[in-house]
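Q: I would like to learn to read features from a model. Where do we start?

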Amino acid sequence: MIDSSQLVVPGAAALFAMLILLIVLVVRRRRSDHAFTRALDERGERLALALWATGERYWDYHLPSGALRRLIGVAQRGGTGGLIEDTLQAAALIHPDDLTAARQALAACVEDPAGRYNAVLRVADGEGGWCWVRVRGRVIERDGGGAVVRIAGTALNVTATREAERERQIAAEVLRSMSEAVAVVDAEFRFVSVNPAFLRMTGYAESDVIGRTADMLDSDQHDTALQAQIRLQAADEGRWSGELWQRRKDGDEFLAAVELRTVHDPELDTRLHVAVLNDITQHKRTEQELRYLANFDTLTSLPNRSLMSERLSRAIIRAHRQDRRVAVLFLDLDRFKDVNDSLGHAAGDRILRAAAVRLQQTVGAQHTVARLGGDEFTVIIEDLEHASDAERVAREIINAFEAPLMLDDRREITISPSIGISLYPDHAQVPTALLKHADTAMYQAKAAGRRTFMRYDDNMDIAVRQRATLSGALRKVLDRGELRLVFQPRLSLAASRITGVEALLRWYSPEHGDIPPNDFIPLAEESGLILEIGEWVLREACLVLGRWRQHGLDAMTVSVNVSVLQLLRGDLPGVVARVLEDTGLPPHLLELELTESVLMANAEQTAAKLQAFRALGVSLAIDDFGTGYSSLAYLKRLPITTLKIDKAFVDGLPHDAEDAAITSTVIAMGHSLGLNVVAEGVEAASQMRFLADKGCDEIQGFWIAQPMDALQCLAFIRNWRPEHLPRPPAPARAVTLP
């Protein structure tokens, strides 16, 4: 029988040995598994670290729980990296506005057989802000029924890339929408890129430009040296700016403002040039037009006051250095206002243009001719040795205007200038004073009878001040009652009786005494007071004649002079009708006198206006006939009743052959047209006899009587007898009655 203890011992040893063996095997297995696991962990860690180095972040998402495990960092551990992870709910990480997009991407992933997940979302950046990430992943686990359990993938922060792309898109859109042309060229100035504005500006298509050199746009207005200089400066300094003429595809040229900048790429060792072009052709034209308008008169193309002053200043500086003289000639066209009002402003402008051409041709292109405004011109004469040289030029100008000016419609007109002269350094040292003195001298030339020139002297300032004083006093004459009328009789040669009178205006000022009409009438016209004064004269003349009619002078007529301003600016027909109605004077006893220059300047337009007077029954007379500038053929178109021969032709009678011929012709012509002819300024019996022999109807002048006030004239007319013809009052010429 076997002792049980003996059976146990061998069995225990074997069991222990087997246990040891099992433990060894387990330990070995565990060591092997641990090594394997450790190797896997190391490989995973290295993969995670590699992803981390690329900026990608590992994540996996558990769908049933909504938990998101992610790699958030790497920690140093015993000389090797350690991974830092966290787990949170995905909804807490994603921006609220992007949750819908995330769910839609998840739904697409679940439905996708390949199980792909793609989305771009905003997620919390861990610092209280948000960043854009591109999320990519795949399904890594499904349950027994094939439902997705887990998705894993990577996430990449694309905030900077997204911003860069956004900025690139904005820049591209700005470039496309720019009105400036932009071109990018390489180091050899070959086109690399152009924007739409460049294509619109040049007329080329993009395919026409890319790869070709910028020489295709070069204009012949710039030489090749300039192009080489631009390229050299752009290469050396990295920039160039300026204005270049460029040529479009159709050959037209345009002026471009060019800004050129050089861009270097050190990595690729390349150089690009960015050129920005602006078409400034129209801008330059506008700038030139503004500069022209600032310096030149648009009507005559002559320098204006501003440019003339600048040139005069420079001329004075040169004259001072060279010890020479400078002359300023101030010109004004005589009676241009009457011509302008009669012919119209369009014709007046043509006259001014023709006068400007005549003036420049006379003095030469080397001298400055300027228009100051209206009918005023100035001439600057440099390099004068003697004052007489300026007078010689003035004389040449006056002689040049003897020839008629040709208007655009081939109509000729004769107009004369009055010229004032001032000299540097004789009269003034500065431009303003020279102009002022020349202007003063010009007014003295007009006062001297026009169509002449005067050189300034200090006494002229006194006359100017007197003129200004009279102009101020003239505004008060009606209120003060300083105006009066005098009357000069008209004698009918056939009936040897006084048939009418001419009313003449006189001004007596308590401060200045008797002022001649030639002094104050132009002032009244310049100021516009002639309208008010003219109506007073008309009314006063009609009242006087009305009183004379009460004394039996029923057939007596009265003539009243009318200014061009009254005819063209005021409602003269209405004024005449109102005065006749107020005074009760029969219209046929009133005669209106207008100068030939006023009537003949624009006979066709004037004729229509004069018909209104004839409709009233008022007579019309041409005063100073024979001194005008227009054709006598217009005379028959005007509703005129009387011609008055100017005193200038009567003075030479009967001995001056030319005056005799002109006077005889005017009388015959007037009678052929059925007009009454009156000779003015008769001062001698010989003149009266000549006129009577030629059939002149009436005469007027000192040989009959001087102008008298209303009472004296009434007495003269009532006492007039044919056998008591008066002697001429002036002792200058003795006349014996026949």
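A few features of this chain follow, from overall counts to single residues.

A: This is a predicted model, so local features need pLDDT of at least 70 and side-chain atom pairs count only at pLDDT 80 or more, while totals for chains, interfaces and linings use all residues. Residues are numbered from 1 along each chain as its sequence is written, and side-chain values use heavy atoms, with hydrogens and water left out.

Q: How many helices and strands does the chain have?

A: Helices (H or I, at least four residues) and strands (E, at least two) are DSSP runs, numbered from the N terminus. The chain has 25 helices and 27 strands.

Q: What percentage of the chain's residues count as buried?

A: Buried means under 20% relative accessible area, exposed over 50%, partly exposed in between (1.4 Å probe, protein chains only). Of the chain's 738 residues, 42% are buried.

Q: What span should helix 23 have?

A: The expected span is 1.5 Å times one less than the number of residues. Helix 23 (residues 657-672) has 16 residues, so it should span 22 Å; its end C-alpha atoms are 22 Å apart, which agrees.

Q: Which residues of helix 23 are buried?

A: An α-helix has 3.6 residues a turn, so residues three or four places apart point the same way. In helix 23 the buried residues are Asp659, Ala660, Thr663, Val666, Ile667, Met669 and Gly670. Their packing partners include strand 24 (619-625), strand 25 (642-645) and helix 24 (685-693).

Q: What caps the N-terminal end of helix 23?

A: Asp656 does, with a side-chain oxygen 3.0 Å from the backbone nitrogen of Glu658. After helix 23 comes Gly674, with a positive phi near 75°.

Q: Is Asn295 buried or exposed?

A: Asn295 is buried, at 17% relative accessible area. This residue is in helix 8 (residues 281-295). A polar atom of the Asn295 side chain lies 2.8 Å from the backbone oxygen of Arg291. Leaving out residues up to four places away in sequence, Asn295 touches Pro303, Asn304, Leu307 and Glu310.

Q: Where is Val192 found?

A: Val192 is in strand 8 (residues 191-194). Val192 is partly exposed, with a relative accessible area of 41%.

Conventions: Contact = heavy atoms within 4.5 Å. Polar contact = N/O pair within 3.5 Å; in protein donor to acceptor, adjacent residues only side chain to side chain.
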